[in-house]
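Subject: Structure handover

My notes on what turned up in it follow.

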Amino acid sequence: MSTSIQSISLSGKKKQVSNKEMTFLERMYLIAIFKGLWITIKHFFKKKATIHYPEQVREFSPVYRGQHMLKRDEQGRENCTACGLCALSCPAEAITMKAEERKKGEEHLYREEKYASIYEINMLRCIFCGLCEEACPKDAIYLTISKELVPAQYNREDFIFGKDKLVMPLEMAMANTKKLN
Amino acid sequence: MDSAFIIEKSIFIVVIFAVTMVMAMYSTWAERKVAAYLQDRVGPNRAGWGGLLQPLADGMKLFAKEEFEPNTKNRFLFFVGPAVAMSTALMTSAVIPWGDRLEIFGRTVILQATDTDSAILYIFAVVSLGVYGIMIGGWASNNKFSLMGAVRAASQMVSYEIAMGLSIIALLMMTGTLSLKEISVQQHGMHWNVFYQPLSFLIFLICAFAETNRTPFDLAECESELIGGYHTEYSSMKMGFYLFAEYANMFISATIISVLFFGGYNYPGMSWAIENWGVNIGNVIGIFALFAKLCFFIFFFMWIRWTIPRFRYDQLMNLGWRILIPLSIVNIIITGICILAFK
């Protein structure tokens with residue numbers, strides 16, 4: 001049995017278009033209007049698609065790139081060594097930092113011998129491409145783990161996020177360590 | 001005329017005024033809610049429970065907005081336009097029977113501001129005055145889009161008033177009276193006019209959509225062609241008056257449809273309720289019955305708005321002059337033959 005190309009329908013919704021004259025009933029449009037009303041009233045009772053944003057948050061995909069986070073290791077020390085590769089790789093030039101040498105007695109705070117005393121990302125410049133994450137040799141910066149969007153602000157200055165907003169909270173690092181053991 | 005009568009009527013008029021305003025206010029809320037639900041959204045839900053305080057917030061916003069006046073010679077007319085639109089929208093409610101009667105302190109209170117013999121004529125007269133609000137506003141705005149919107153509104157209303165009047169004539173031949181009270185009384189016991197005059201009802205309904213300038217006949221404020229139509233230049237509460245007048249008109253049209261075709265305040269088992277529960281309770285239920293009917297029609301107005309797209313202007317005129325008017329004349333002839341044959 002051979003099927004002609006005209007009778008094949010992949011979607012199953014194929015419909016022959018016809019240009020025939022409308023009958024009197026069709027020209028009255030009343031039936032069509034009632035059909036339309038039926039369709040809209042069905043939508044009235046359907047489940048709503050809205051996500052009530054501040055109360056409900058849409059589920060993030062595992063590879064979603066949101067607000068950056070500077071990671072701590074399993075002992076709660078900052079990973080970043082202020083090498084500057086993230087700033088170098090950033091196409092939007094959103095990252096600046098200032099490096100400082102680790103003093104004696106600060107070993108519990110910073111993993112490497114050099115650390116970033118100032119680390120700032122301008123969220124208005126950032127394009128969330130994730131190249132900083134790829135460039136980082138110390139596993140320090142991640143866009144996927146904060147699971148947070150950058151919130152709206154009133155002033156431009158407020159979009160420059162310093163270490164206070166970027167570094168992973170200690171509780172989160174402790175919880176991660178507990179999960180490992 | 002004793003003073004108790006005057007007090008009674010004054011209270012009643014104030015109550016009607018308040019109810020019309022509240023209904024118009026909450027129609028804006030209902031419109032947004034219905035629109036949202038028909039489109040799988042939620043609609044306003046921040047101000048108050050389910051957004052119920054939203055109309056108050058909107059009203060406050062409109063009062064607080066800056067008043068913009070175009071550089072026009074007709075400053076007086078620019079102010080008069082919204083006032084005319086609003087007052088004509090509110091005037092029609094005077095002759096509508098909201099219920100039968102109540103007996104309070106031994107007095108019989110008729111639930112109607114005034115029962116004139118020419119109630120329907122009065123309504124037609126006032127409704128056709130409503131177009132002046134739009135015309136004056138559009139003309140005084142000194143803006144070609146406003147003027148075009150006003151011209152469209154005027155010609156549309158004039159054309160559809162003819163079909164509306166003719167559709168009512170068939171109804172009047174049957175009822176034999178112009179008084180809305182009489183028409184309500186005649187429909188007692190499920191003798192609703194819609195069962196005897198379905199065609200007249202259909203024509204009247206379509207014309208009511210056109211008269212209130214609502215979709216699918218809202219060419220006067222067709223955004224894609226005319227920006228905002230006749231209220232393009234208006235801002236602040238003057239704009240609010242125009243929008244409010246539309247909703248007040250919608251409320252009144254829904255009421256007139258319910259009174260003329262759906263029995264007004266009559267409901268099934270009304271005489272039983274009056275006999276067993278007393279005049280007051282039976283008639284208060286009647287008021288609620290009328291409100292249930294008119295709320296359904298307000299909902300219907302909104303339902304249609306989010307179902308049917310806007311007509312093109314020639315289609316609008318075609319429907320009005322070449323379909324509805326001949327159809328209503330045919331309806332008159334059929335009604336006349338039926339009256340001759342069966343009475």
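**Helix α8 of chain B and its two partners**

In α5(B), the residues B:Q156, B:M157, B:Y160, B:A163, B:M164, B:S167, B:I168, B:A170 and B:L171 meet B:S200, B:I203, B:F204, B:C207, B:A210 and B:E211 of α8(B). Contact here means C-beta atoms, placed from the backbone, within 7 Å of each other. Helices (H or I, at least four residues) and strands (E, at least two) are DSSP runs, numbered from the N terminus.

Before going further, the ground rules. This is a predicted model: local features need pLDDT of at least 70, side-chain atom pairs count only at pLDDT 80 or more, and totals for chains, interfaces and linings use all residues. Residues are numbered from 1 along each chain as its sequence is written, while chains are lettered from A and ligands numbered from 1 in the order in which they are written.

Back to the pair. Helix α5 covers residues 144-175 of chain B and helix α8 covers residues 198-211 of chain B; they pack at an angle of about 155°, with axes 9 Å apart. Axes are lines fitted to C-alpha atoms, for helices over the stretch in contact, and angles run from 0 to 180 degrees between N-to-C directions. α5(B) and α8(B) are therefore roughly antiparallel. The classes are: under 35 degrees roughly parallel, over 145 roughly antiparallel, 65 to 115 roughly perpendicular, the rest oblique. The crossing of α5(B) and α8(B) is left-handed (near helix turned anticlockwise from the far one by less than a right angle; right-handed if clockwise).

α8(B) also packs with α10(B). Their axes come within 11 Å and cross at roughly 170°, so α8(B) and α10(B) are roughly antiparallel. This crossing is right-handed. From α8(B), B:F201, B:F204, B:L205, B:A208 and B:E211 meet B:S253, B:I257 and B:F261 in α10(B).

Helix α1 of chain B runs over residues 3-38. At 1.5 Å a residue its 36 residues should span 52 Å, and the end C-alpha atoms are 51 Å apart, which agrees. The expected span is 1.5 Å times one less than the number of residues. Buried in α1(B) are B:M23, B:A24, B:S27, B:W29, B:E31, B:K33, B:V34, B:Y37 and B:L38. The cut-offs: buried if 20 or more other C-beta atoms lie within 10 Å of the residue's own, exposed if 12 or fewer, partly exposed in between, with C-beta atoms placed from the backbone. The cover over these buried residues includes α2 (30-44) of chain A, plus α2 (54-64), α10 (236-261) and α12 (279-305) of chain B. After α1(B) comes B:D40, with a positive phi near 60°.

Helix α3 of chain B takes residues 75-91. Its 17 residues should span 24 Å at 1.5 Å a residue; the end C-alpha atoms are 25 Å apart, which agrees. Its buried residues are B:F78, B:G81, B:P82, B:V84, B:A85, B:M86, B:T88, B:A89 and B:L90. They pack against α1, α4 (119-140) and α10 of chain B.

B:F244 sits in α10 of chain B. It counts as buried, with 23 C-beta neighbours inside 10 Å. Setting aside neighbours within four places in sequence, B:F244 contacts B:A24 and B:M86. B:S236 is also in α10 of chain B. Its phi is positive, near 60°, and it is not a glycine. B:S236 has 16 C-beta neighbours inside 10 Å and counts as partly exposed.

**Strands**

In chain B, β1 (101-104) and β2 (107-110) pair in the antiparallel sense over 4 bridges. Pairing requires at least two DSSP bridges between two strands. B:R101 stands opposite B:I110, and B:I104 opposite B:R107. The two strands form a hairpin with 2 residues between them, and B:F105 in the turn has a positive phi of about 50°.

Chain A has an open sheet of 3 strands, ordered β2-β3-β5, with antiparallel pairing. β2 (95-101) and β5 (160-161) are its edge strands, each pairing on one side only. β2(A) pairs with β3 (114-122) over 7 bridges, with A:K98 opposite A:I118.

One loop residue to check: A:K147 lies between β4 (141-142) and β5 of chain A. It has a positive phi of about 50° and is not a glycine. A:K147 counts as partly exposed, with 13 C-beta neighbours inside 10 Å.

Methods
Two residues are in contact if their C-beta atoms, placed from the backbone, lie within 7 Å.
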